[in-house]
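Subject: Handover of a structure

Dear colleague,

Please find the structure below, with the findings set out after it.

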Amino acid sequence: MPLNLLVCVKGTVSSTSGALRPEGQPLSPSPLDEYAVEEALRLKERVPGSKTAALSLGTPASEEPLRSVLSLGVESAVLLCDEAFAGGDPVSSAYLLSLAVRKLSAAAPVQLVLCGKKTNDGESGQVGPALAAWLGWPSACAVRKVVEVSETSLTVERALEGGVETLALSFPAVLTLTKEINEPRLPSLKGKMAARKAQIPRWGASDLGADAALYGKSAATSVVKTAPVPPRAGGVSIPGNTPEEKARALAEKLKEMKLL
Amino acid sequence: MSADPKGILCVADALCPATAELLGAGRALADSRGEPLALLLADGAEAEAAAALGADRLLLLEGPSLAGAPEDAWEAALKPVLEAESPRAVLLPGTVFGRSLAPRLAVALRAGLVSDALTLRFDPEGRLLAERSICSGNAVAEILVGRWPALATLRPMAFPRAVPGQKKAEILRRSAPAAVSKARVLSFVPEAAAEIELGGADKVVSGGRGLGGPEGFAPLRELAALLGAAVGASRTAVDAGWIPYRHQVGLTGRSIRPRLYVACGISGQIQHLAGMRSSEVIVGINQDPDCPMMKLATFSVQGDLVKLVPALSAEIRRLRGA
């Protein structure tokens, strides 16, 4: 039985180009989401006849990252976009995504949702497991390998702090992935052309039938303030003419600080 | 949930340094409001040791074993217990376990969650305020959790560890309903015991492009063993296949904050700095004195790491009289 695979993609500003002032900067898929896209494409190749789709929640500017996902071979995309969604938190974002997964599943049941382990902006890692909880589906976070996939379940491997765990999840399920899982492909020219022309529907609060108590400004957490991290005070250059002299001077410093 | 929340509840899957950090953070929060601190553990085997870590109450979850159970099973088992306890705040470790479970609990309890908290305090109304790192470590956001219970996972190494004391927690048993999980753990293979885990490591010796190849890690491992440090790596070293991914520090790897971070041959791309810039003391060892890591380092040592790292190991041995 072919699978319906769904990838959640967040459009974010590159970490190297002033993520602190994201206004007006171009968005691209958050780095780990690219691995989720690649894994969906690989699973589609493993289970012939499967379909892939991408889902994003964001402003109209998030259409661009969705197009870049389409250029890689994902067949369709939906953007959740509504001014009322602003001011939410990761759990409320997961709520809106879960409504979209239900809506998509009404047409063709989604078996597997793939997310990056965390985004490069918020870095909370909450959306994947929270999405699973809203849907009542099992989840596995920080997956590094899909060992086996069948019509009804899949077996995955993940690294915990003390070792490697292998677990089986019944469909439908949600996975969040680390970059160990694959090596993302590059888009083809043909893919880019097709992505340019693709229609990306936008769904708002009323399309999703969202409960206003659960998203946007009603979210349980809010950002009170953000402040740039002050640069670290400049350090000390360790003197010495030979490696041995430098090693001695450094070891002395570390010893003073009770680090040896 | 209840409009009359009370107390701090720490949730742990095992007794480990992260659990001691939960209790360290929890004790300060509990004392700030004069409310009780509880620790919830699934496994009864470690009850005695856990009871000595400063909690007022130790809740042992009885019933089908949750040790190593998937997160949806934990969610189902904990939901009724947390509803009955009605805590003001619930703290979970910033491990894969905590990061996986906390969002599920937040949804189940319609609660608010802050991930990877660096600091925690209550506002005058008893609502939780937490600081966390965002945007690749370039900024800190303060998050207000507007509902109870307030859930938080703690950034490893950000809070003082509770130490065993004379006071013993009152041990209470709570029965967990049989949880139906749609996931099943098939196996768990522990890492080699000799390896120090990166996330909770007090010291880290890390290598990057400047090592030149997988064999470049040998002197770093030697230094790490002398220091009792974990071994880290930059993305370049991991992508080149010189060392497994579990050692990667940075945006697409681990975020850590050890007391000592020794960066050998790592120039300090922003993605790498994102994972280690809050380390207490940073030592940079590099040929290029102007690279970002050397600018950032508490102590920068310019030179050939092939000579410097063994020289440092030799010096440490000499100082120890060995």
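**Domains of chain B**

Between domain 1 of chain B and domain 2 of chain B there are zero salt bridges, a salt bridge being a side-chain nitrogen of Lys or Arg within 4 Å of a carboxyl oxygen of Asp or Glu. This is a predicted model, in which local features need pLDDT of at least 70 and side-chain atom pairs count only at pLDDT 80 or more, while totals for chains, interfaces and linings use all residues. Residues are numbered from 1 along each chain as its sequence is written, chains are lettered from A and ligands numbered from 1 in the order in which they are written, and side-chain values use heavy atoms, with hydrogens and water left out.

Domain 1 of chain B covers 8–175 and domain 2 covers 203–320; these bounds come from an automatic or database domain assignment. The centres of the two domains, taken over C-alpha atoms, are separated by 32 Å. Eight residues of domain 1 of chain B are in contact with seven residues of domain 2 of chain B (contact means heavy atoms within 4.5 Å). Together the two domains of chain B bury about 690 Å², with 52% of it on carbon and sulfur atoms; buried area is the accessible area (1.4 Å probe) that two parts lose on being put together, summed over both. Of the area that domain 1 of chain B buries against domain 2 of chain B, 60% is supplied by Ser136(B), Arg155(B) and Met157(B), more than by any other three residues. One residue pair is in polar contact between these domains, both residues being at pLDDT 80 or more. A polar contact is a pair of N or O atoms within 3.5 Å; within protein, one must be able to donate a hydrogen and the other to accept it, and residues adjacent in sequence count only if both atoms are side-chain atoms.

**Contact between the chains**

Chain B contributes 88 residues to the contact and chain A contributes 81 residues. The area buried between chain B and chain A is about 6900 Å², and carbon and sulfur atoms give 58% of this area. There are 36 residue pairs in polar contact between the two chains, with both residues at pLDDT 80 or more, and four salt bridges. Glu142(B) forms a salt bridge with Lys225(A), where the closest N and O atoms are 4.0 Å apart.

**Sheet and helix**

Helices (H or I, at least four residues) and strands (E, at least two) are DSSP runs, numbered from the N terminus, and two strands pair if DSSP finds at least two bridges between them. An open sheet of 10 strands with mixed pairing runs in the order 11(A)-5(A)-4(A)-1(A)-6(A)-10(A)-7(A)-8(A)-9(A)-10(B). Its edge strands are strand 11 (202–203) of chain A and strand 10 of chain B, each of which pairs on one side only. Strand 9 (residues 163–170) of chain A pairs with strand 10 (residues 183–190) of chain B in the antiparallel sense over seven bridges. Val189(B), in strand 10 of chain B, is the bridge partner of Val164(A). Within chain A, strand 4 (residues 51–57) and strand 5 (residues 76–80) run parallel and are joined by five bridges.

Over all chains, the count comes to 38 salt bridges. One is formed by Arg27(B) with Asp31(B), where the closest N and O atoms are 2.9 Å apart. Both residues lie in helix 1 (residues 17–33) of chain B, four residues apart, about one turn of the helix.

Yours sincerely
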